[in-house]
Amino acid sequence: MSEASTKRRVERFDPAIEPKWREFWAREGIFTAGRRSGAPRRYILEMFPYPSGDLHIGHLKNYVIGDALTRYYVIRGYDVLHPFGWDAFGLPAENAAIKYGRHPREWTYSNIAESKKSLDVAGIMYDWSREVTTCSPDYYRWNQWLFQLLYRKGLAYRARATVNWDPVDQTVLANEQVDAEGRSWRSGAKVEKRELEQWFFKITAYAERLLNDLDKLEHWPERVRTMQRNWIGKSEGAEVTFLALPPGSDAPEDADPLVVFTTRPDTLWGATFMVLAPEHPLVAKLTAPERQAEAAAYIARARMESEIERTSTTREKSGVFIGSYAINPVNDERIPIWIADYVLMGYGTGAIMAVPAHDERDFEFARAFGLPVRVVVQPPGQELDGDTMAEAWPGDGVMVNSGPINGVPAGKEEGQSVKAAIAWLEAHGRGKGTVNYRLRDWLISRQRYWGTPIPMLHLDDGTIKPVPADQLPVVLPEVQDYLPRGKSPLAAAEHWVNTLDPETGRPARRDTDTMDTFVDSSWYFLRFCDAQNGNEIFSKEAAYNWMPVDQYIGGIEHAILHLLYSRFITKVLYDEGLVPDDEPFKALFTQGMVQRRVRTPLERISPDIVRFPEELRRKLELPAEAQTIEHARTVLKDRGYTLEAENDGSWTAVSGPVTMSKSAGNGIPVGPFVRQYGSDVARIVVLFAAPPENSMEWTDEGVAGAQRFLNRIVTLFGADREAIVAALNAGHDDLSGDAERTLHRKLHETIKKVTLDTEQFRFNTAIAALMELLNEATRYRADTGAVTPVFARMASTFARLLAPFAPHLAEELHLWFGGSGSVYDAGWPEWDETALALEEIEVVLQVNGKLRGRIMVPADADEQQLREWAISNPRVLSFVGDRTVRRIVVVPGKLVNVVV
RNA sequence: GCCGAAGUGGCGGAAUGGCAGACGCGACGGUCUCAAAAACCGUUGGAGGUGACUCCGUGUGGGUUCGACUCCCACCUUCGGCACCA
């Protein structure tokens with residue numbers, strides 16, 4: 001160890017340097033879009049949050065990733081748009097208002113101020129001149145404009161819909177707010193179904209495009225695309241028209257057409273009964289008088305049940321025969337009509353033909369009620385019998401008992417039974433091939449206060465018309481009581497509700513519902529392109545300038561709803577010619593969660609007995625209040641906890657890693673952490689611990705490691721700052737020494753790795769590469785004992801490579817090394833491939849694929865030479881022994897494998 | 001049940017057909033100190049050997065290949081999504 005390094009003073013990374021750089025960035029507008037007009041553009045966006053107030057580290061991860069990418073592209077010379085805003089409408093503000101009597105607006109804006117402060121002290125840099133807040137009339141007026149655009153295009157319509165009704169809170173609930181047992185999350189009451197007039201957006205009109213265009217989104221995670229594909233749920237089949245005979249009639253002229261959807265029209269000849277959803281509109285007419293009571297009871301019961309209960313696969317089949325029959329159009333057979341809750345009104349036509357022999361659900365139903373089973377697909381090598389078969393046969397085979405398609409191979413391909421059956425149906429006018437989607441239209445009405453008023457007028461004669469564009473926004477009125485009482489709280493604002501139709505002067509009532517907040521977030525990324533435009537939703541020019549978003553970053557929990565809605569609205573606006581692309585987000589990255597263990601101290605009541613706190617006991621359902629240490633250890637282990645001894649002899653129960661959250665109480669508040677350790681430390685912890693798509697565990701050890709890394713940077717360069725400036729000015733790098741060449745090569749390897757890794761979101765390995773360079777540099781500095789130009793060049797480059805990950809320290813180093821202005825104007829270093837080349841390289845020698853030795857050879861050694869060196873190598877020879885060499889595989893620059 | 005992803009040291013992870021375990025954490029040993037912390041240096045997949053070294057090792061079993069953590073087949077486990085969708 002050299003004299004120089006042992007005497008080196010230990011300096012520490014000081015978080016107190018951070019505030020001045022934040023002020024500097026803001027003052028200089030380093031991260032303001034348009035600062036480098038003419039440079040290549042980049043739009044980087046993190047999903048905007050609901051403003052929940054004070055942020056913890058778990059919230060921060062998303063923003064740290066976006067900030068690192070932004071800084072990387074800014075230092076590379078791009079013109080970057082990196083804006084931020086607030087998804088500020090929604091229930092929490094309203095609930096707080098109900099609970100504390102504070103106005104939702106006041107509550108929301110104070111939360112925004114707090115959240116913004118957390119982002120500021122963390123040094124996450126946005127172009128705040130483009131900030132949007134969805135609860136501001138400046139924003140939601142364009143929500144209303146958008147609603148009216150969809151209305152004009154026939155994509156917004158009004159219809160009756162069944163909603164979840166909480167009889168205790170007297171309010172409508174969203175599907176997500178009803179638990180698996182059909183109870184309200186707030187009141188715990190059993191939710192009822194009610195029919196209400198609601199507004200819908202016709203997203204199903206775009207189902208096919210939303211599905212097909214998923215193939216274009218090659219920079220989206222495959223699992224998100226799969227989830228959207230499943231959600232859209234395309235299935236191809238046929239609609240077949242049966243004739244439903246009223247009870248007691250056999251005359252076809254009395255019959256009503258009854259359309260069913262099926263993906264297996266080829267099995268029509270095996271239909272032995274028909275099932276309608278209990279809500280099906282023809283049920284009332286088709287129910288025989290003597291069946292009336294039973295059917296009504298069944299329908300009432302089904303109505304009480306939640307969707308989840310109804311669609312549970314484990315429950316027994318239930319249903320009621322309603323006393324009438326339908327005529328099967330392929331063979332004119334009369335089959336009984338049942339109602340059963342396993343048929344859903346919302347999918348297909350709400351009616352099915354049941355083919356028990358070849359459908360598992362129909363089979364169960366037939367066996368439960370003793371209905372006949374008729375085989376129409378005979379599988380190869382088996383003889384199915386409808387009376388004895390134990391389960392349905394959904395597989396391949398040959399069509400039998402099927403009139404015109406007998407003998408056709410079963411299947412969906414060309415020349416197989418499904419296509420043949422559709423051809424037959426269409427030729428005879430009894431049905432047609434069709435496509436069905438699981439996706440339903442987007443119900444956007446909410447009977448709640450804190451949202452965008454729906455900008456429509458209802459006239460006394462039943463006419464519904466848009467509020468004229470020049471009267472937008474329809475501003476949310478002030479109300480006394482935010483508690484919904486069956487209607488939106490807006491309905492109580494009489495002076496607001498009652499207005500005049502400006503065209504005719506006739507009295508009109510305003511729509512009292514507000515829009516789903518997912519409407520707000522389905523186009524906010526477009527508003528960022530032109531956030532202050534007071535005349536239009538955004539200018540076409542601004543949208544063409546920035547859209548689509550180059551990189552979108554957010555949580556997997558939005559994989560379906562938000563992303564699907566945004567894609568839909570973007571397509572609508574694309575069809576209007578307002579945006580340049582019909583997809584909003586070119587690339588999507590879904591980050592993992594930040595987790596932290598929860599530590600609960602136990603009370604020690606004797607040397608080997610501990611007492612569990614009440615809360616922990618309840619949470620873990622622990623049997624006893626106090627336990628011996630040994631027993632406590634076992635009991636906790638069964639619940640994923642460990643028991644840890646503290647230095648003072650007390651004991652702590654430690655949970656497994658759980659996602660940081662307010663409710664788990666394990667969040668690390670951003671402000672205090674940043675003041676004590678620095679935002680640069682927090683960033684390194686978050687980015688280095690694991691690949692960003694994985695969840696990561698936040699630990700004290702991780703914090704110490706990140707701190708150590710930054711301290712070692714400061715220690716290595718701090719004392720040498722003047723010498724480094726002098727060496728940088730001294731001119732030529734002397735690469736004649738081995739140590740210098742090694743350091744120079746390591747530097748260029750690092751530039752390459754950090755560049756490529758950062759572009760691929762591999763921040764953990766990029767930072768690992770910087771650590772390796774620091775290790776190499778520390779070694780060099782200790783061995784050389786002097787600041788050489790090569791070392792100085794490395795130091796100044798290091799500052800720039802650090803800029804995406806530890807921005808404050810990067811600026812500080814840049815300043816130390818004589819840089820002027822911001823490190824983000826210093827340019828990103830380029831690597832030199834020639835610097836990566838070695839004169840001598842190590843080649844691996846293998847015998848039968850096993851490593852047996854290494855030799856140093858000139859980098860340009862050819863295959864023949866390598867072959868000779870390998871077979872004359874003593875270690876290789878000793879492993880070859882007296883066996884004959886059968887083959888020699890040479891990979892120049894890498895290895896030689898001798899096969900015997 | 002169906003679909004998808006993933007299984008590598010004590011831990012987070014690295015290596016995507018060519019030296020398994022980069023980088024970090026932890027642990028152990030040392031230097032400094034009255035002492036501790038910090039910092040620094042060293043060791044750290046397992047087994048064997050005084051040692052140079054040897055054998056084993058990427059969930060399990062097979063396969064392809066001169067060579068497999070990496071590609072293919074089957075299975076096991078874990079996580080996520082969907083789930084009576086006709």
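Predicted model: local features only at pLDDT ≥ 70, side-chain atom pairs only at ≥ 80, totals over all residues.
View 1. Residues are numbered from 1 along each chain as its sequence is written, chains are lettered from A and ligands numbered from 1 in the order in which they are written, and side-chain values use heavy atoms, with hydrogens and water left out. Strands β36 and β37 pair in the antiparallel sense over five bridges, where pairing requires that DSSP find at least two bridges between two strands, and the bridge partner of Ile 888 in β37 is Val 898. The two strands form a hairpin with three residues between them, and Gly 893 in the turn has a positive phi of about 80°.

**View 2. Surroundings of Val 899.** Val 899 is found in strand β37 (residues 895–899). When its neighbours within four places in sequence are left aside, Val 899 is in contact with Asn 848, Thr 884, Val 885, Arg 886 and Arg 887, contact meaning heavy atoms within 4.5 Å. From C-alpha to C-alpha, Val 899 and Trp 442 are 66 Å apart in space, and they are 457 residues apart in sequence.

**View 3. The open sheet that includes β17.** Four strands, in the order β6-β5-β7-β17, form an open sheet with antiparallel pairing. Its edge strands are β6 (171–173) and β17 (442–443), each of which pairs on one side only. Strand β7 (residues 192–201) pairs with β17 in the antiparallel sense over two bridges, and Phe 200 has Leu 443 as its bridge partner in β17. Helix α6 (residues 137–152) lies across β5 (156–166) and β7, running at about 85° to β7; axes are lines fitted to C-alpha atoms, for helices over the stretch in contact, and angles run from 0 to 180 degrees between N-to-C directions.

**View 4. Strand β22 and its two partners.** Strand β19 (residues 456–459) pairs with β22 in the antiparallel sense over three bridges, Ala 508 being the bridge partner of Leu 459. Strand β21 (residues 498–500) also pairs with β22 in the antiparallel sense over three bridges, and here Arg 509 is the bridge partner of Asn 498. Between β21 and β22, which form a hairpin, there are six residues, and Gly 505 in the turn has a positive phi of about 75°.

**View 5. Helix α13 and its cover.** The buried residues of helix α13 (residues 417–427) are Ser 417, Val 418, Ala 421, Ile 422, Trp 424 and Leu 425. Seen down the axis of α13, these buried residues fall within an arc of 160°, so they line one face of the helix; the arc is that of the directions from the helix axis to the C-beta atoms. What covers them includes β8 (234–245), β15 (398–399) and β16 (431–437). Just after α13, Gly 429 takes a positive phi of about 65°.

**View 6. Nonpolar cores.** The largest nonpolar core has 116 residues, and those with the most contacts inside it are Trp 698, Phe 709, Phe 717 and Phe 798; such a core is a set of buried Ala, Val, Leu, Ile, Met, Phe, Trp, Tyr and Cys residues joined through side-chain atoms within 4.5 Å. Helix α3 (residues 57–75) contributes the largest share of this core, 11 residues. Apart from this core lies another, of 61 residues, among them Phe 147, Leu 217, Trp 220 and Met 515.

Definitions and conventions:
Buried < 20%, exposed > 50% of the residue type's maximum accessible area, 1.4 Å probe, protein only.
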